[in-house]
Amino acid sequence: MTRRFDDRTVIVTGATKGIGRATAILLAAEGARVIATGRDAAGGAETVAAAEAAGGVCHFAPHDIAREDDWARIVDLAERRFGGLFGLVNNAGLFFVKPLDETTEDDFDRIYRTNVEGTFLGVRAAFAAIARTGLPGAVVNVSSLMGQVGFAGASAYCATKGAIAGFTKAAALEGARMTPQVRVNSLHPGVIWTPMITSQFGDSQDLADAFAADTPLRMIGLPEYMADAIAYLLSDEAAYVTGAELTVDGGRGAD
Amino acid sequence: MAGSGELSGKAAIVTGATRGIGRAVAVSLAAAGAAVLLTGRTPGDGEAAAAAIRALGGRARFLAADQGSDADWTRTMEEVQDAFGRLDILVANAGISKPAAIAGLALEDFRALNRINLKGCFLGVKHAAAALRRHGEGGSIVLMSSIVGKVGVAGHAHYAAAKGGVRLLAKAAALELGPEKIRVNSLHPGMIRTAMTAAYDERLLAPSIPLGRFGTPDEIAAAALFLASPRSRFMTGAELVVDGGWIAQ
């Protein structure tokens, strides 16, 4: 592909590993000035090194997306360091597997604050920052296949990811009323081989093979595939796409 | 043609490619490096579309074919094999629209629309899957549905039936063909500036579309290219809605 993001500043949350890292690297390689955020500075440094090796510009900043003051700091950093904000990839999120009757209020609050409030705070901050540029912008919220279908043992996670899907549509309608407009879409990954999955289910080749066997395309999802989908939604190729849900799951959700 | 080259070495069929969205899809796949067989029922327009791609340095050929005809699909597959030696991508885009209230909708009209819009996609999947199976490297099939395949629109019952059918046909085919790495996805345009929507006044309808305008054939072509390309290699049985936010409301 040609460089779709030349001179565009993009914040990618949860960019210290997995889907966020792959996205930061791809966007940087295609010309974006990336603010990669997260809570793991060592992981962030690895992302920056990989993005720079790909010929891109990338800066890591520590960030807890559930904290309102953190968002003010991140947006301010993006504007001061790289100029006006073009886009946001709201990727950071928590995941755990636990039966409903064992999920405590604290468990729920924790995942809700990060996944739902973190996404809300990000979109609110990004809308304001993009409006200051006087140019159009785009936001991609990373939901999940589990924001579209249920998964036994992940009720709290499903609740937060369903919330992101609904919130995304409302935000898309408000973003469309801005001048210039801001597009907002959600991405719904299936099982992607990332630390989020392996930390819960294990990291063995047998498990990866089992996930692949259980997926119509008979393959395991990789973070790079999600980065390609996010880049499509964020780019001008998707200029008429807003409020949409893009499912990238190897066909798992088609039945 | 200036382009990414991401489809170089690939061969594609685009139906309904004589004008509008289909023509834009053919141009965009060719610009990305694919050899494209354009099909349709209007030879004059189809030959002109193929010639325009060739004039820009792309590989393209036109064949007069009706998406609703099984015999025409057999000829289409022979043609793509003769011309390009293989098939990797099918964009089944051909479709007709003829607004009518159910009370006044004759069975012949219902059947004529579904023959092209629904049965035509089924035949396309069937023939393309056979051709893709021949080289065993998988491929991508894009079925043109519509937002009317996801929400109802009064006066378009037969169109909605066909487009809703296409949406689920894509999912069933995706499950069946997935193990062979043949991906099948549906694309759902909203109101796009084409001959099909020429009867609708954009100035009147724009306020009810969140992005405030109709889309362009190029914007649908960019989505079709994404679905055809390896950038969507983990995507199958999925829906891509390109509607300016219409059905998010």
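Predicted model: local features only at pLDDT ≥ 70, side-chain atom pairs only at ≥ 80, totals over all residues.
**View 1. The open sheet of chain B.** Seven strands line up in the order 3-2-1-4-5-6-7, with parallel pairing. Strand 3 (59-64) and strand 7 of chain B stand at the edges with a single partner strand each, so one side of each has no neighbour in the sheet. On average, neighbouring strands are turned by 15° against each other, direction ignored.

**View 2. Strand 6 of chain B, residues 182-189.** Here, eight of the eight residues are buried, so the strand is largely enclosed by the rest of the structure. Look along the strand and you will find B:Ile182, B:Val184, B:Ser186 and B:His188 pointing one way, while B:Arg183, B:Asn185, B:Leu187 and B:Pro189 point the other way.

**View 3. The partners of strands 5 and 6 of chain B.** Strand 6 pairs with strand 5 (residues 139-144) in the parallel sense over six bridges, and B:Leu143 sits opposite B:Ser186. Strand 6 is also joined to strand 7 (residues 239-242), again parallel, by four bridges; there, B:His188 faces B:Val241. Strand 5 has four bridges to strand 4 (residues 89-92), running parallel, with B:Ile89 opposite B:Ser140.

**View 4. Helices on the sheet of chain B.** Helix 3 (residues 70-84) packs on the sheet and touches strand 1 (11-14), strand 2 (35-40) and strand 3; its direction makes about 155° with that of strand 2. Helix 5 lies across strand 5, strand 6 and strand 7, at about 165° to strand 6. Together, strand 5, helix 5 (residues 157-177) and strand 6 make a right-handed β-α-β unit.

Definitions and conventions: Residues numbered from 1 in each chain as written. Chains lettered and ligands numbered in written order. Buried ≥ 20, exposed ≤ 12 C-beta atoms within 10 Å, placed from the backbone. Helix = DSSP H or I, 4+ residues; strand = E, 2+ residues; numbered from the N terminus. Pairing = 2+ DSSP bridges. Right-handed = clockwise from strand over helix to strand, strands pointing away. Axes fitted to C-alpha atoms, helices over the stretch in contact; angles between N-to-C directions. Contact = placed C-beta atoms within 7 Å.
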